[in-house]
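Hello,

Here is the structure I promised to pass on to you. Have a look at it first, and then read my notes below.

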Amino acid sequence: MTVRPLALGAAGALVLVVSVALAITIGPADIRVEDVWSTVAAHLGLGTSELTPIRDGIVWQLRLPRTLLAAVCGAGLAVCGAVMQSLLRNPLADPFVLGVSSGASTGAVVVVVLGVGGGAVSVPVGAFTGALASFALVLFLSHTLGGSTDRVVLAGVAAMQLFSALTSFVVMTAADAETTRGVLFWLLGSLGGAGWTDVTVCAAVLAAALLVCLSYARTLDAFAFGQDAAASLGVSVARTRLLLLSVTALLTAALVSSAGAIGFVGLVLPHAVRAVAGPGHARLLPLSALAGAVFLVWVDTLARTVLDPQEVPVGVVTSLIGVPAFVAVLYRTRGAR
């Protein structure tokens, strides 16, 4: 890596740490940055905290895991978007183009509304199962239709519409008003129920997925020139695409099962990073992860405070920001033709 990407990475990491610390201080409770550091140090056995038990709980049990989960989700969605845009050679691809989000939504709704599993199956498990089912359907359809990039995208659109319809059908026919409100809030994305288990699982999946994708950075660079060019360079196109799409689908499923459906992060952030750091995936992927993490930390902070005490779903805020960016990408790609 050259000095510039290293400098960008160091700056991005610093901005992320500062953003997390500042975001935790924002809210009804009067908490300072020094309180955040002392609380974290105390729980890590590196010092003591002078905060009261209630204020300590606000930092350690509520705001810190929520903010860290926002960072992990933003990073993961941005990485998925960068990988998928290269694999599918589609600048408008994002983690939900394969219908993974819709499948996760259906799985969660089936558990919450229909009570499948009799309480033995949690909402995240149901969401994860639904996401995998949706991805399996996409793989089956795209394979039987020829396996080209446009077929994968079309199969994803079909799966998205199918699972969205199933979700709406279950909610309309079996949910009461209170359950419907809770389900809709989850479908629009929410980090309100974040816990340390969610942070740990999602961070572990993100780390593994990022390592796999970085190991294929040169291969992703070859895909940017088309699958024929990649094949001429010795890349096993079908095998590589299946592997990396599976990795991104699993990562998206893990994130959606913990935070709900949060759109546009994977679409917008990779384009912004490419404009600054260039298209090389060895630097694009980690920088996209940092940019996505910082972005979603502040979006979640805005979502939980702008209408305090009422909370706005995170997915609503990302959509309000992402739609104009989506339109800009459309005009940019039209101009490129």
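**What I found**

Arg-89 is exposed at 52% relative accessibility (exposed means over 50% relative accessible area, buried under 20% and partly exposed in between, with a 1.4 Å probe and protein chains only). Arg-89 sits in the loop between helix 3 (53-87) and helix 4, and has a positive phi of about 50° although it is not a glycine. Most residues other than glycine have a negative phi. Phe-264, in the loop between helix 11 and helix 12 (265-277), also has a positive phi, near 75°. Helices here are DSSP runs of H or I with at least four residues, numbered from the N terminus.

Before the rest, a word on the source: this is a predicted model, where local features need pLDDT of at least 70 and side-chain atom pairs count only at pLDDT 80 or more, while totals for chains, interfaces and linings use all residues. Residues are numbered from 1 along each chain as its sequence is written, and side-chain values use heavy atoms, with hydrogens and water left out.

**Salt bridges**

The structure holds four salt bridges, each a side-chain nitrogen of Lys or Arg within 4 Å of a carboxyl oxygen of Asp or Glu. Asp-300 pairs with Arg-66, with the closest N and O atoms 2.8 Å apart. This pair links distant parts of the chain, since Asp-300 is in helix 13 (residues 281-305) and Arg-66 in helix 3, 234 residues apart. Asp-300 is buried at 1%, and Arg-66 is buried at 10%. Arg-66 also meets Glu-311 in a salt bridge (2.9 Å, N to O). Here 245 residues separate the partners, with Glu-311 in the loop between helix 13 and helix 14 (314-336). Glu-311 is partly exposed, at 24%.

Elsewhere, Arg-32, Glu-34 and Asp-35 are linked in a network of salt bridges. Within it, the side chains of Asp-35 and Arg-32 meet at 3.2 Å, N to O. Asp-35 counts as buried at 8% relative accessibility, whereas Arg-32 is partly exposed at 47%.

**Helix packing**

The buried residues of helix 6, including Val-152, Phe-163 and Thr-167, pack against helix 4 (100-114), helix 5 (123-144), helix 7 (177-187) and helix 11.

Val-109 lies in helix 4 and is buried at 1%. Leaving out residues up to four places away in sequence, Val-109 touches Leu-114, Thr-167, Val-170, Val-171, Val-183 and Leu-187, where contact means heavy atoms within 4.5 Å.

Thr-240 belongs to helix 11 (residues 237-259) and is buried at 7%. A polar atom of the Thr-240 side chain lies 2.8 Å from the backbone oxygen of Ser-236.

**Surface**

Leu-14, Val-18, Leu-22, Ile-26 and Trp-298 make a nonpolar surface patch of about 410 Å². Patch residues have over 30% relative accessible area and no salt bridge, with nonpolar side chains (Val, Leu, Ile, Met, Phe, Trp, Tyr) joined within 5 Å and like charges within 9 Å. Helix 1 (residues 3-25) gives the most to this patch, with three residues. Leu-22 lies in helix 1 and is partly exposed at 36%.

Best wishes

Conventions. Helix = DSSP H or I, 4+ residues; strand = E, 2+ residues; numbered from the N terminus. Polar contact = N/O pair within 3.5 Å; in protein donor to acceptor, adjacent residues only side chain to side chain. Areas by Shrake-Rupley, 256 points an atom, 1.4 Å probe, with all protein chains shown as cover.
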